[in-house]
There are 2 protein chains.
Amino acid sequence: VAWNSLSSRFVEMNPRLFTFTGGDSGLWTVTYFQPVVGEPLPEIKRIDITSGISVASSKGPKWTLRGIVSNERYVTRIEKDQLVAKQAAPGRSGSTHAGLIPIRKNAAWWALTQDERRAIFEERSHHVQAGLKYLPNVARRLHHCRDLGDNEPFDFITFFDFCSSDASAFEDLVAELRATEEWKFVDREIDIRLVRQD
Amino acid sequence: VAWNSLSSRFVEMNPRLFTFTGGDSGLWTVTYFQPVVGEPLPEIKRIDITSGISVASSKGPKWTLRGIVSNERYVTRIEKDQLVAKQAAPGRSGSTHAGLIPIRKNAAWWALTQDERRAIFEERSHHVQAGLKYLPNVARRLHHCRDLGDNEPFDFITFFDFCSSDASAFEDLVAELRATEEWKFVDREIDIRLVRQD
């Protein structure tokens, strides 16, 4: 449990909330750290990813990002069934390599209606179909940040993990998504690669 | 600005975030307070609604709810244009009466895919079309709570305001929505009516 200062009550941790702490400590060692577009983020050596509400680590992190797993916004039942049949959850023992990609989308994206965003996301950018090709080798967890309540620096943080032999396939997936019409709406993006130090 | 304990940084207030404080003080006097389904909420005399991050009032509120205005999840461009042509923002000087309706939807709702939720929301429950009939007299602001990061007690808080002569029309709107297929997924709901004390 954690103290919620707004409502003066103890609240249970929300297991859908994840905290990403960048600094000198953490399970994941940074092997690549590059701003793609927009304001950069301070470069760090290691990242810790924890579930639930997290207090700042005693080792003095350079930054903390948060995101929450939520219901899917775009997939149809047909696509969902395809995903469920192929997908794996992150955290497999062989998944020693990871990608962490925080992005923000611009105001034009958020002003679009649901049908307009869906058409860009899937009919024209094939976001789900791109991800499907790399399942189950590349596991994925999407975290939403935009509606956490603070002015979060990113709208989404996506975590992917995979074994070392799939590292180049993962780069193909990233390149494929980054070339889409959907990505024209991305106005801040940091590209991070990680290796797990057990 | 407010202190963000998670990331040890000062953050600007998010103008999309609203705090609803129930207790003995506040602009709005409660004229009706009734749990509709699920766990009730302590009954209170007055409610204050503030924008941005809010600290607990010194008058000892009985409860604090929060919600954030976000992008629309279901409306199409055609519906959005209809809404924009007719709608008014809450806060008009003549809008002395209000409805405040916190709801939570069950796990079955959140497990549905986007196309399934949309079909229930509009094609079968006509949520947008119901609201359109009462515009601009009944103004509406929807706040999302589910992804704020804590375990919030509700998924949505909707605030409506109108002048006294539209109070019975507002009850018709509430009854119409509550009879829909969409509302079968609501497992917690509190029905609150308010009058403004300037």
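Contacts in chain A of this predicted model reach well along the sequence: of those between residues at least 6 apart, 76% join residues at least 24 apart. Chain A is built from five helices and ten strands. Its radius of gyration comes out at 17 Å, close to the 16 Å that the globule rule gives for 198 residues, so chain A is as compact as a globular protein of that length.

As for what is tucked away and what is left open, 52% of the 198 residues in chain A are buried, that is, under 20% relative accessible area.

Counting over all chains, the structure holds 14 aromatic pairs. In chain A, ring pairs tie A:Y74, A:W109, A:F121 and A:F185 together into a cluster. A pair of this kind is described by the distance of the ring centres and the angle of the planes.

Chain B brings in charges that sit over rings. B:K105 lies over the face of B:W109, with 3.9 Å to the ring centre. Elsewhere in chain B, the ring of B:F18 has the charged end of B:R141 over it, 3.9 Å from the centre of that ring.

Notes:
Residues are numbered from 1 along each chain as its sequence is written. Chains are lettered from A and ligands numbered from 1 in the order in which they are written. This is a predicted model: local features need pLDDT of at least 70, side-chain atom pairs count only at pLDDT 80 or more; totals for chains, interfaces and linings use all residues. Side-chain values use heavy atoms; hydrogens and water are left out. Rings of Phe, Tyr and Trp (its six-membered ring) pair if their centres lie within 6.5 Å; planes under 30 degrees apart count as stacked, over 60 as edge-to-face and the rest as tilted. A charge sits over a ring if NZ of Lys or CZ of Arg is within 6 Å of the ring centre and within 35 degrees of the ring normal. Helices (H or I, at least four residues) and strands (E, at least two) are DSSP runs, numbered from the N terminus. The radius of gyration is taken over C-alpha atoms; the globule rule is 2.2 Å times the number of residues to the power 0.38. Buried means under 20% relative accessible area, exposed over 50%, partly exposed in between (1.4 Å probe, protein chains only). Contact means heavy atoms within 4.5 Å.
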